[in-house]
Amino acid sequence: SLRPEMLEERWHEVRRQHDEAGGRFVFETINQRKDGSLIDVEVAGRLIEYEGETFHLTFSRDITDRNLRQEALRANEAQLRLITDTLPARITYVDQEQKFRFVNKLVEQHEGRPASAILGRTVQEIVGEDRYRATRAFIEDALSGKAIVRTWCGPFGDKIADLRATFAPDISESGEVLGVIMFLEDVSEAKALGEQLRQAQKME
């Protein structure tokens, strides 16, 4: 059964949803089982006027497992962010609609805005038309299932550097491409070292 105190806490929100959505409402609360244990539930329904009286037609479903999965995902994301924020590379993840779903700290610094202002928006919206045009084909190829690696010279932090970009498709077990992981790193030192080795070999 739904705990009365929980319903009381959400009643004003329900009334607001009812007024804004033509009589329908959805909210989350806590359900108490017969054994006294508590579970998370989502309640959906509508208010019905009948012969001058108001009735509640509601349906509820157990969302405890869903909430536990979401909590686990948040914990995994926090761990992933801890790792990726220590790497000297710009790391992003975009979905099939080319909307950002993950960015690391270097991306936030480069774009001059927090992750909250980037996530959910498209690559074109964030980077602008010119930069998007330069990478659009690579993103689209990766979304078709191809792994792409490209190199060029461009800005990285406060300098112009030799860059290597990797566009790796995220492919599900069923073979569906869910999104693209983009990894942009400064390879200037590695390139300079390689050139030094080639010059040394010529002198032998």
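Colleague: What do the buried residues of helix 5 pack against?

Modeller: Bear in mind that this is a predicted model. The buried residues of helix 5 pack against strand 4 (89-95), helix 4 (123-127), strand 6 (148-156), strand 7 (159-171) and strand 8 (177-186).

Colleague: Which residues in helix 5 are buried?

Modeller: Tyr-132, Thr-135, Phe-138, Ile-139, Ala-142 and Leu-143.

Colleague: How does helix 5 run relative to strand 8?

Modeller: At about 135°, and helix 5 lies across strand 4, strand 6, strand 7 and strand 8.

Colleague: Where is the kink in helix 5 centred?

Modeller: On Thr-135, with a kink of about 50°. Thr-135 is also one of the buried residues of the helix. End to end, helix 5 (residues 129-143) reaches 19 Å from its first C-alpha to its last, close to the 21 Å expected.

Colleague: What follows helix 5?

Modeller: Gly-145, with a positive phi near 110°.

Colleague: Switching to aromatics. How many aromatic pairs are there?

Modeller: The structure has 1 aromatic pair. Phe-138 and Phe-167 make a tilted pair, 5.5 Å centre to centre with 50° between the planes. The pair links distant parts of the chain, since Phe-138 sits in helix 5 and Phe-167 in strand 7, 29 residues apart.

Colleague: Are those two buried or exposed?

Modeller: Phe-138 and Phe-167 are both buried.

Colleague: And the sheet, what's the strand order?

Modeller: 5-4-8-7-6, an open sheet of 5 strands with antiparallel pairing. Strand 5 (100-103) and strand 6 are the edge strands, each pairing on one side only.

Colleague: How many bridges between strand 4 and strand 5?

Modeller: They pair over 3 bridges, in the antiparallel sense. Thr-92 stands opposite Val-103 in strand 5.

Key:
Residues numbered from 1 in each chain as written. Predicted model: local features only at pLDDT ≥ 70, side-chain atom pairs only at ≥ 80, totals over all residues. Heavy atoms only, no water. Helix = DSSP H or I, 4+ residues; strand = E, 2+ residues; numbered from the N terminus. Expected span 1.5 Å × (residues − 1). Bend = angle between axes of the 7 residues up to and from the residue. Buried < 20%, exposed > 50% of the residue type's maximum accessible area, 1.4 Å probe, protein only. Contact = heavy atoms within 4.5 Å. Phe/Tyr/Trp six-rings, centres within 6.5 Å; stacked < 30°, edge-to-face > 60°. Pairing = 2+ DSSP bridges. Axes fitted to C-alpha atoms, helices over the stretch in contact; angles between N-to-C directions.
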